[in-house]
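Student: Hi, could we go through this model together? I'd like to talk about side chains and charges.

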Amino acid sequence: MSLESQRALVAQGCRVAAARGLVDGMLGHLSLRIDDEHLLIRCRSDTDTGVAFTRPGDIRLITFDGSEGAPGELDGYRVPNELPIHLETMRAGAGHRAVAHLHPPAVVAADLAGIAIRPIYGAFDIPGAWLARGDVPVYERAVLIRNARLGQDMVAAMGGRPVVICRGHGITSAAGSVEQAVLQAISVDALARMSLRVRAAGGTLRDIDDDDWDDLPDLGSGFNIDSAWRHEVARLSAQPS
C-alpha cells in the first residue's frame, strides 16, 4: 500500500471505532508502523472536530523519537500525549504493527465493577471467545500514559496478549493490521456489554465449557477480518452524515 493509502486506512479505523462507540469526542488514537523508524498516527490540530470525523490528513508520519517523519508532517499538528502507548507496544513485539488506544465505556464499567472479560459465549463471536480465553489482562493504573516508563508498565501488564484493559481509562489493542486491532477492540467491547447485561439481569457469568473449544474453529482471516471489516466499512457509510 502507498503511504497515502495507509493514511486513509488509519483514518477509516478511527471512524469505525467511533461509530462503534469505542471512542467519543477527541479521545483515542490509532497508529500503524511503516518501517523500523516510522509510524503513522492520528494527530490533533486546532481545527480538530473529533475522532468520528478523522480525515486522512489527520494521520501524520512521525519517527520513533516523536519527531516529524518528513518535512512539514507536523505543521499545525500535535502528536498525542499518549504517544508512548504506541511506541512501547510496537517496540515490545514485531507483530504489533498496528495499535488502537480506545475508551470503550462498557469495558471500563465492567472492569470497575470487578467483572473480568472472559469467554462467556462461544459461537456468538468465535474470535472474541478465543481472544478472551485465559482472560484479558488489566493495567491497574488509571493514569495518562505519557512517558516511556508508564508505557513499558502497561506493556508488561499486557503480558504478550493482544489487548490490555487500562483501569479507569480504556484499552490498548495491538495486531498485525489496523483492521484486526479495531476488530479486537470491538470483540472485547461486545464481551463487556454482554457481561454487564447478564449481571444486570441477575445472571451468573461463567466460561463456556472446556469441551466446546474443539468445536469453535478458526474460520480464517478471510471471514474473521476481511468480511468483518467490509461490514464495518459498509455500516459506517450507511450512517447519516
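**Rings and charges**

Tutor: Happy to! Let's begin with Phe-124: this is a predicted model, and in it Phe-124 counts as exposed, because its relative accessibility is 57% and the cut-off for exposed is over 50%.

Student: How many aromatic pairs are there?

Tutor: The count comes to two aromatic pairs. One of them is formed by Tyr-121 and Phe-124, a tilted pair with 4.7 Å centre to centre and 55° between the planes.

Student: And is Tyr-121 buried or exposed?

Tutor: Tyr-121 is buried, at a relative accessible area of 8%.

Student: Switching to charges, how many salt bridges does the structure hold?

Tutor: There are 14 salt bridges. Among them, Glu-73 and Arg-60 meet through their side chains at 3.8 Å, N to O. Glu-73 sits in the loop between strand 4 (59–63) and strand 5 (77–78) and Arg-60 in strand 4, so the pair ties together parts 13 residues apart in sequence.

Student: What about Arg-193, which residue does it form a salt bridge with?

Tutor: Its partner is Asp-189, with the closest N and O atoms 2.7 Å apart. Both lie in helix 6, four residues apart, about one turn of the helix. Arg-193 is partly exposed at 41%, while Asp-189 is buried at 5%.

Student: Last one: which residues form the negative surface patch?

Tutor: Asp-210, Asp-211, Asp-212, Asp-214 and Asp-215 form that patch. Asp-211 is in the loop between helix 6 (178–200) and helix 7 (221–237), and Asp-211 is exposed, with a relative accessible area of 64%.

Note on methods:
Residues are numbered from 1 along each chain as its sequence is written. This is a predicted model: local features need pLDDT of at least 70, side-chain atom pairs count only at pLDDT 80 or more; totals for chains, interfaces and linings use all residues. Side-chain values use heavy atoms; hydrogens and water are left out. Patches are made of residues with over 30% relative accessible area and no salt bridge: like charges are joined within 9 Å, nonpolar side chains (Val, Leu, Ile, Met, Phe, Trp, Tyr) within 5 Å. Accessible areas come from the Shrake-Rupley method with a 1.4 Å probe; for residues, only the protein chains shown count as cover. A salt bridge is a side-chain nitrogen of Lys or Arg within 4 Å of a carboxyl oxygen of Asp or Glu. Lys and Arg count as positive and Asp and Glu as negative; His and the chain ends are not counted. The place of a charge is taken as NZ of Lys, CZ of Arg, CG of Asp or CD of Glu. Helices (H or I, at least four residues) and strands (E, at least two) are DSSP runs, numbered from the N terminus. Buried means under 20% relative accessible area, exposed over 50%, partly exposed in between (1.4 Å probe, protein chains only). Rings of Phe, Tyr and Trp (its six-membered ring) pair if their centres lie within 6.5 Å; planes under 30 degrees apart count as stacked, over 60 as edge-to-face and the rest as tilted.
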